[in-house]
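Visitor: I would like to go through a few labels used for this model. Please set each value against its cut-off.

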Amino acid sequence: ESEQEAASEKPTDAVVEDKPAEAVEEEPKVEAKDTKVTESASFKEETNIAGELPDPQKKALDELKQLIQEALNKHEFTPPPAKDKDKPAPEEKKEEDQPATSAAETEVKVETEAPAPVEVKEEEKADPPIEAPAPVEVIEKVSAADDDGAKTVEAIEESVVAVATPPPAEKPEEEASSSLKPDEVAQSEEKPEEAEVPPPPPQEVSIWGIPLLADERSDVILLKFLRARDFKVKDAFTMIKNTVIWRKEFGVDGLLDEELGNELEKVVFMHGFDKEGHPVCYNVYGEFQNKELYQNTFADEEKRSKFLRWRIQFLEKSIRKLDFSPNGISTIVQVNDLKNSPGPGKRELRQATNQALHLLQDNYPEFVAKQVFINVPWWYLAFNMMISPFLTQRTKSKYIAPEQVPVQYGGLSRDGEQEFTVADAATEVTIKPATKHNVEFPVTEKSTVVWEVRVVGWDVNYGAEFVPTAEDGYTVIVSKTRKVGPADETAISNSFKTGEPGKIVLTIDNQTTKKKKLVYRSKAKPYSE
């Protein structure tokens with residue numbers, strides 16, 4: 001039983017994930033196996049050239065452009081202002097303020113309501129030719145009945161009489177205009193001028209530095225949203241609209257210039273390209289084993305918010321380096337290293353990861369060509385459901401060339417000044433169990449040969465020698481054969497300078513029962529005495 005438990009805890013070395021995390025339903029199966037790479041079948045990558053799209057997709061793209069143009073004309077991509085949330089409060093104040101604006105009228109109503117005798121109204125109705133002056137005569141009687149309000153009523157009487165004076169019958173239009181108050185007349189005169197004001201120009205909206213409707217690069221961005229919504233135009237439009245509004249509310253453009261520190265530069269970083277030219281992003285979760293770094297990143301809501309802003313800032317800067325031309329590379333490969341990861345039991349990490357997941361899924365569609373998981377523990381599948389941000393649903397079989405892979409992940413790429421760069425291609429060879437493999441580098445006269453070699457997992461014997469072309473020449477031991485153990489997980493670099501032609505021969509002796517992956521590269525540099 002103890003052997004089975006130990007085997008169940010042994011992580012697999014790498015898993016290449018091409019399917020969406022949402023499709024994972026089965027419980028993780030714990031197996032003690034060697035390095036395992038799971039991949040799905042390869043197929044031709046979808047085109048971003050509008051002219052090469054199938055007719056239904058062309059139609060969807062055109063319809064989406066039309067919806068976006070209409071929304072830009074109506075300025076629908078502008079988030080609602082914060083003051084709109086307080087609308088009910090001003091409405092209540094207006095109701096309270098209305099009596100104050102017509103205080104004089106209120107006084108007249110109060111005074112007329114108290115003494116208004118029925119007989120007076122009946123007498124006035126007996127005079128049919130002029131109906132407008134009726135209120136004036138009522139006010140006059142009120143003023144006679146109430147000495148205290150005489151001044152107020154008389155003052156109002158004069159204004160009312162002036163308005164109520166019947167104009168000549170042949171000018172009905174002047175009667176309507178004269179009955180308006182001065183401020184109302186001014187407003188009525190301004191209305192025709194307001195109608196003549198031209199509508200505002202269409203709204204200008206850009207994502208990742210590219211306008212939504214501009215050129216072929218815009219089509220590439222719109223296709224990402226369409227593919228994320230299975231070419232359902234209305235759903236894609238809603239996603240774009242929500243993304244634009246979120247970017248403005250989150251302050252993404254201003255975030256690019258914020259100084260958020262460099263404490264996490266070893267957690268997430270870009271390094272090299274895969275064989276298709278996709279930039280490779282590494283997520284090293286094992287760095288959070290550092291308790292101080294973990295606390296500084298996830299201890300409270302403020303720190304988690306800063307981590308989220310840093311992650312979005314990093315992603316935004318990386319995306320803006322992509323090529324959004326129809327034939328360009330506009331996706332990345334993501335490598336997730338789970339070695340020594342704190343795991344899903346850490347509540348703070350889980351909260352921050354879930355928060356980032358929702359933002360990335362909703363606002364960064366179709367940006368990951370492939371997810372690669374390495375050093376995967378038994379709880380990989382459960383964790384995969386949380387850490388698969390903006391995972392594409394298209395299957396793409398791509399690998400990262402060894403010269404692009406950092407040395408800590410089995411490649412040859414190292415920081416700092418080195419003899420080789422990522423431009424120097426490397427060769428991969430599989431060495432079968434219990435076999436010896438030789439690698440030869442030709443040497444010309446007066447040259448220096450430089451090489452770099454590594455075996456993933458080592459546990460092999462390694463040696464190097466120079467064999468001259470001349471039959472009477474002497475073989476020179478460059479590197480004495482020695483055992484390189486698994487702990488020596490580094491690349492071996494060496495060089496040899498000679499003045500005669502020949503070849504450098506590397507010998508790798510795999511005496512184990514497992515296959516070994518050999519990676520090497522070399523170059524010759526001429527020299528003069």
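**Rings and helices**

Guide: The model is predicted. Trp208, Phe225, Trp246, Phe250, Phe324, Tyr364 and Phe367 are joined into a cluster by ring pairs.

Visitor: How many aromatic pairs does the rule give?

Guide: The count is 15 aromatic pairs. One of them is formed by Phe441 and Tyr520.

Visitor: Why is the aromatic pair of Phe441 and Tyr520 called tilted?

Guide: The rings lie 6.0 Å centre to centre. Pairing requires centres within 6.5 Å, so the two rings qualify. Their planes are 50 degrees apart. Stacked means under 30 degrees and edge-to-face means over 60, so this pair is tilted.

Visitor: What parts does the pair of Phe441 and Tyr520 tie together?

Guide: Phe441 belongs to strand 9 (residues 435-443) and Tyr520 to strand 15 (residues 516-526). The pair therefore ties together parts 79 residues apart in sequence. Both Phe441 and Tyr520 are buried.

Visitor: Which residues make the contact?

Guide: Helix 2 supplies Ala60, Glu63, Leu64, Leu67, Ile68 and Ala71. Helix 11 supplies Val233, Ala236, Phe237 and Ile240. By class, that contact has 9 nonpolar, no polar and 1 charged residues.

Note on methods
Residues numbered from 1 in each chain as written. Predicted model: local features only at pLDDT ≥ 70, side-chain atom pairs only at ≥ 80, totals over all residues. Heavy atoms only, no water. Contact = heavy atoms within 4.5 Å. Helix = DSSP H or I, 4+ residues; strand = E, 2+ residues; numbered from the N terminus. Nonpolar A, V, L, I, M, F, W, Y, C, P; charged D, E, K, R; others polar. Buried < 20%, exposed > 50% of the residue type's maximum accessible area, 1.4 Å probe, protein only.
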